[in-house]
Amino acid sequence: MPDDASPGVPPDVADANADVDWRRVVDASTRWPVIAFVVSATAWLVIGSLLALIASFKFQFPDWWTHQAWLTFGRVRPAHLNTMIYGWISMAGVGVSAWLWARLLKTRLQGRWMLLLSAALWNLGVLVGTIGILAGYSRAIEWVEMPYVAFAFIVPAMLLVVASFIQTLWQRHARHLYISVWYLGAAILWGPLLVIAILLPIYSGIPEATANWWYAHNILGLWITPPGLAAAYYFIPKVIGRPVHSYHLSYLGFWTLALFYNWAGVHHLVGGPVPQWVATVSIVFSAMMIIPVIVVAVNHHLTVVGHFEKLKYSPTLRFVVFGAMSYTAVSLQGSLQSFRYWQEVTHFTHYTIAHSHLGVYAFATMIAFGAIYYIMPRVTEWEWGSKRLVSLHFWTTGLGIGAYFTALTIGGVIQGFQMLNPDVAFLDIVDDTKPWLIVRSVSGTLMTIGHLVFAYLLAQIVLKRGERPEGPTYFHPVPEGTFAHVGGDGSRSVRTPSADQDG
Amino acid sequence: MTRIALIFLGAFAAIAMSFTALALLPRMQLSTIEPTPGTTDYTYDEQLGREVYLREGCIYCHSQQVRPEGFGADIRRGWGGRGSRPGDYVFDETHQLGTMRTGPDLHDIASRQPSRDWHLAHLYQPRSVSPGSVMPAYPYLFEVKKKSNVMASEVTVPLSPEYAPPGDSVVVATEEALALYDYLMTLELEPLNDGGAQDAAN
């Protein structure tokens, strides 16, 4: 079997059949784990969106639903964060990773029962945790609000994923490890370690705050980001059909991320009552993050250059490139934001909320959408039901997050400068944020519509509803041969009636 | 194999280093700090109130960290006479430093607004004392009862007619609302006697 070193390189003609065959076998092995994780994740995405809307509209209607303790802003808002982080993006990340892992190691996914058990435990954990927060059992530590009992499910669930991944790695047929494997391998090590570290009962007072932001930022950078980058590194070259721009750069990007990112999180406490060296260290490393970000940006964007017309057709490419561009933006913004002056202005404002959504949504979530659009037809042996709905999903979420980010960034900067001016009364500042918060509610509604459309499309493809749509889903009719290298001419790597020869 | 070992070991070493530095070292460094003047352990009621504060997610809109002189305008806003210090938090089992100021900082709220009537009215209906506020109301921390059923030990919340319940009913604070007030009154930054030397040392 040829190495999958450059996923974008088309197999030569003689190998074409063998190539399709092993992919079909490997894809099929991931079917139920991928479906379990992706469907669960999407359910949490919808629940998390509804919680977000409740939280957001409460700024327009502060006296709405105030008699129900479980619907108060201070409970709904962390419930939103936790369902999105631990439910949606973590589970989507595992689903996408499981498929990538098997594909890139050219091996049937091992320990599938462990992954199915993991998905069940994971769902239970997030469910217990979310109900816990709403019922008043929040631990009130940002990003770790869910009560301990929720993690009694989630930690074993993560360890089951690790066990399955290591077993698959052990049995691999690929000799070369593509850069995506590096990111995924590191993330499945980092994720459980981070969660276990923050659950240790050793923190209180200020040291708890530094540990808290070490954790929260690393969940984003070392657990959510790596699968996003791994997917971008896989799908951009794959769909475009050319190798990644520079192989050597990708290693540099990996190691600099691994070494720098995990020091950066405490910049949330710049100017706070923490030892000065802690804040300084995090500013230094936040600035150094420019290196891995530029490296990844060069690799992703230069791979796309010259092939922009393909964004017109491929849903996967469009979502993933949107996400990759957002990664560059959010990371450079993050480096800038850690500097003392800009932190002085923007910290404690809606600017930070915009920034975190640029990361978790415009980057990680959009890439997850793109990856799922590619993966699901291959594991379900079905096609997406409607290109119009896929397009609606793209535009509602793309425009939604665009408006969301723009409004809260502008509103947050205004809020920040006003807070620096003691002559502006606090309630005037509150008043001036209100228009921007209306935009947030509207754009959040737009994104939620997109999520409902996506959930509907996912239900259709998983349940194989209706007639099997003809060929792959593209936004527009594709010129002959554009995507032939990914089975885009209709042959796919899954078993289709015409290719159904082997048992 | 060696390459895989290298990836895993490198990834592990990276995270182990930053964990040691950012999570464990501050703990060792600050393990011996003294509480600042006026910082005492919580009483039963204050602790109960703190649990209400945690449970209702006050942290998502209110920070508890006054920025020092020269960084931000907290002191000039009257949010505290000095910047917050690690010694202010030694009894905080769950830190509530916060990252958002949709509402004002609360680390010195007891000096700024000590009135129990104000706080209870504000919790019952923020807009009754802060017009234009977007803070949620917390009616479930209060009971509406007939005036004749109010016991002498209970605390009635004074409200402007616009927000008061109709007829001969009044709003009475529950134990939780009173405890929350007690907790808020622990949030006070007393002056230090070192003349701000620690600010520089920090």
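Predicted model: local features only at pLDDT ≥ 70, side-chain atom pairs only at ≥ 80, totals over all residues.
Walk from the N terminus and the order is α-α-α-α-β-β-α-α. The radius of gyration of chain B is 22 Å, while the globule rule gives 17 Å for 202 residues, so chain B is more spread out than a compact globule. Of those 202 residues, 42% count as buried. Contacts between residues 24 or more positions apart make up 72% of the chain B contacts with a separation of 6 or more.

Next, select residues 44-55 and 175-184 of chain B, which are helices H2 and H5. At what angle do their axes cross? The crossing is at roughly 100°, and the axes come within 7 Å. Because angles of 65 to 115 degrees count as roughly perpendicular, H2(B) is roughly perpendicular to H5(B).

On H2(B), the contact uses B:Asp45, B:Glu46, B:Leu48, B:Gly49, B:Arg50, B:Val52 and B:Tyr53. On H5(B), look for B:Glu176, B:Ala179, B:Leu180, B:Tyr181, B:Asp182 and B:Tyr183. Colour this contact by class: seven residues are nonpolar, one is polar and five are charged.

Move to chain A. Its secondary structure comes to 15 helices and zero strands. The radius of gyration of chain A is 22 Å, close to the 23 Å that the globule rule gives for 503 residues, so chain A is as compact as a globular protein of that length. Its C-alpha atoms fill a box of roughly 75 × 45 × 45 Å along the principal axes. Of the 503 residues of chain A, 58% count as buried. For chain A, residues 24 or more positions apart account for 86% of the contacts with a separation of 6 or more.

Finish where the chains meet. Here 67 residues of chain A are in contact with 60 residues of chain B. Which helices of chain A each supply at least two residues to the side that touches chain B? Select H3 (73-105), H6 (179-199), H7 (205-240), H8 (247-260), H9 (276-288), H14 (387-420) and H15 (426-463). Then keep H7(A) highlighted: the largest share of that side, 10 residues, comes from this helix. By class, the side of chain A that touches chain B has 40 nonpolar, 18 polar and nine charged residues.

Notes. Residues numbered from 1 in each chain as written. Chains lettered and ligands numbered in written order. Contact = placed C-beta atoms within 7 Å. Helix = DSSP H or I, 4+ residues; strand = E, 2+ residues; numbered from the N terminus. Nonpolar A, V, L, I, M, F, W, Y, C, P; charged D, E, K, R; others polar. Rg over C-alpha atoms; globule rule 2.2 N^0.38 Å. Buried ≥ 20, exposed ≤ 12 C-beta atoms within 10 Å, placed from the backbone. Axes fitted to C-alpha atoms, helices over the stretch in contact; angles between N-to-C directions. Parallel < 35°, antiparallel > 145°, perpendicular 65-115°, else oblique.
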